[in-house]
Amino acid sequence: MCAARGLTKSYPALRGRRGTPGTPEVRATDDVHLEVRRGEIFGLLGPNGAGKTSLVRQLTGLMRPDGGTVEILGHDIVRHPERAARLLAYLGQESTALDELTVSLAAETTGRLRGLDARRARAERDAVLDELGLAPIAGRPLKKLSGGQRRLACFATALVGERPLLVLDEPTTGMDPVARRAVWGAVDRRRAERGTTVLLVTHNVIEAETVLDRVAVLDKGRVIACDSPAGLKEQVAGEVRVELVWRERPPLEVPEVAALRDRVAESGRRWTLRLAPEEARAVVATVTGGAAFAALDDFTLATPSLEDVYLALGGAARQGLVRA
Ligand SMILES: Nc1ncnc2c1ncn2[C@@H]1O[C@H](COP(=O)(O)OP(=O)(O)OP(=O)(O)O)[C@@H](O)[C@H]1O
């Protein structure tokens, strides 16, 4: 459906001006090989700056790679980037040129730009706005909507004048749970009824685990793993995730707690550890009995998540991944 081979892209170094430091060359995409199959929801997961958006812009013909090939439904997108618009719908992160239009007109205009006749464009517009619960705000300009509403309206426009490949860059950012559910419901329906393929950029690991068939984990422009979420999680099977939340600060005067310090991912009052089951039991026994207990607010034991896999793979920016 969509394949990238040996894709490489660097942003050039910039010279500093008037005392401000320059920036070195950034290799945003580093020899990426990917194959997205028809009808699957394929994810690109990685921390901020991992190169997700750069990769997607090359896959969608919006940015020319320095090297490598992109093929979508048999078309060479590096040679013929103009063909991408007929093959895919792209929902980027930035606001669009349609911002001045009402939700209704933005959806209809997109349909017309994608070659629908006026009657068909209006019919698809109405169906999509109904499907996503946007009819009550159809008459309002995009730029006057809340962030989440605007995102949902942009998603709606991406669906009009249907394309076989949907490329969605963090589509649910800023959305409430109802809107999120509407998005994933609409995606599922298209996949079930029309075999639509979805390429999804995300750094939300919880969402990734729920909706993706396969995921490529990106770090510093490279694909460091590619598998189903379950397959990836098998890499850390046998480990347990222990989360400790301290009331105020960790009781480092307790030697067993101090000994853990080097192995935790720390986020405010929360400590996260990945441990073998018997080690996890020992840690829980330590913190729930003895001197550490008074300092403990909460603890959980869980099977590893995609986030644990990511950390185990050695992803650089631990804080880069968010949980909904
Ligand atoms: N126009 C640009 N000029 C120079 N460097 C850039 C440019 N755009 C992105 N970069 C750099 O390329 C790298 C990859 O950026 P990219 O936006 O593709 O990452 P991302 O994974 O999409 O991040 P995020 O999750 O924050 O959206 C980063 O180091 C970034 O700073």
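Me: Which strands does helix H10 lie across, and at about what angle does H10 run to S11?

Reply: Helix H10 (residues 277-288) lies across strand S11 (240-246), S13 and S14. H10 runs at about 15° to S11. Axes are lines fitted to C-alpha atoms, for helices over the stretch in contact, and angles run from 0 to 180 degrees between N-to-C directions. Contact means that the C-beta atoms of two residues, placed from the backbone, lie within 7 Å. Helices (H or I, at least four residues) and strands (E, at least two) are DSSP runs, numbered from the N terminus. This is a predicted model: local features need pLDDT of at least 70, side-chain atom pairs count only at pLDDT 80 or more, and totals for chains, interfaces and linings use all residues. Residues are numbered from 1 along each chain as its sequence is written.

Me: How many helices and strands does the protein have?

Reply: The protein has eleven helices and 14 strands. Its C-alpha atoms fill a box of roughly 75 × 45 × 45 Å, taken along the principal axes.

Me: In what order do the four strands of the open sheet stand?

Reply: First, the general idea. Strands of a sheet pair through backbone hydrogen bonds, either parallel or antiparallel. Here two strands count as paired if DSSP finds at least two bridges between them. The order is S12-S13-S11-S14, with antiparallel pairing. Strand S12 (265-267) and strand S14 (296-302) stand at the edges. Each has a single partner strand, so one side of each is left without a neighbour in the sheet. From one strand to the next, the twist averages 15°.

Me: How many bridges join S12 to strand S13?

Reply: Three bridges join S12 to S13 (residues 270-275), and the two run antiparallel. Look at Ala-265: it stands opposite Thr-272 in S13.

Me: Which residues of helix H6 are buried, and which are exposed?

Reply: Start with the helix rule. An α-helix has 3.6 residues a turn, so residues three or four places apart point the same way. A residue is buried if 20 or more other C-beta atoms lie within 10 Å of its own, exposed if 12 or fewer, and partly exposed in between; C-beta atoms are placed from the backbone. In H6 (residues 177-194), Ala-182, Val-183, Ala-186 and Val-187 are buried. They cover an arc of only 130° around the axis, which puts them on the same side of H6. The arc is that of the directions from the helix axis to the C-beta atoms. On the other side, Pro-177, Val-178, Gly-185, Arg-189 and Ala-192 are exposed. The cover over the buried residues includes strand S3 (41-45), helix H4 (118-131), helix H5 (147-159) and strand S8 (197-202). Just after H6, Gly-195 takes a positive phi of about 65°.

Me: How many of the residues of H5 are buried?

Reply: Ten of its 13 residues are buried, so H5 is mostly covered. Among them are Arg-150, Leu-152, Cys-154 and Phe-155. What covers them includes strand S6 (88-91), helix H3 (103-113), H4, strand S7 (165-169) and H6. Gly-161 follows H5 with a positive phi, near 70°.

Definitions and conventions
Expected span 1.5 Å × (residues − 1).
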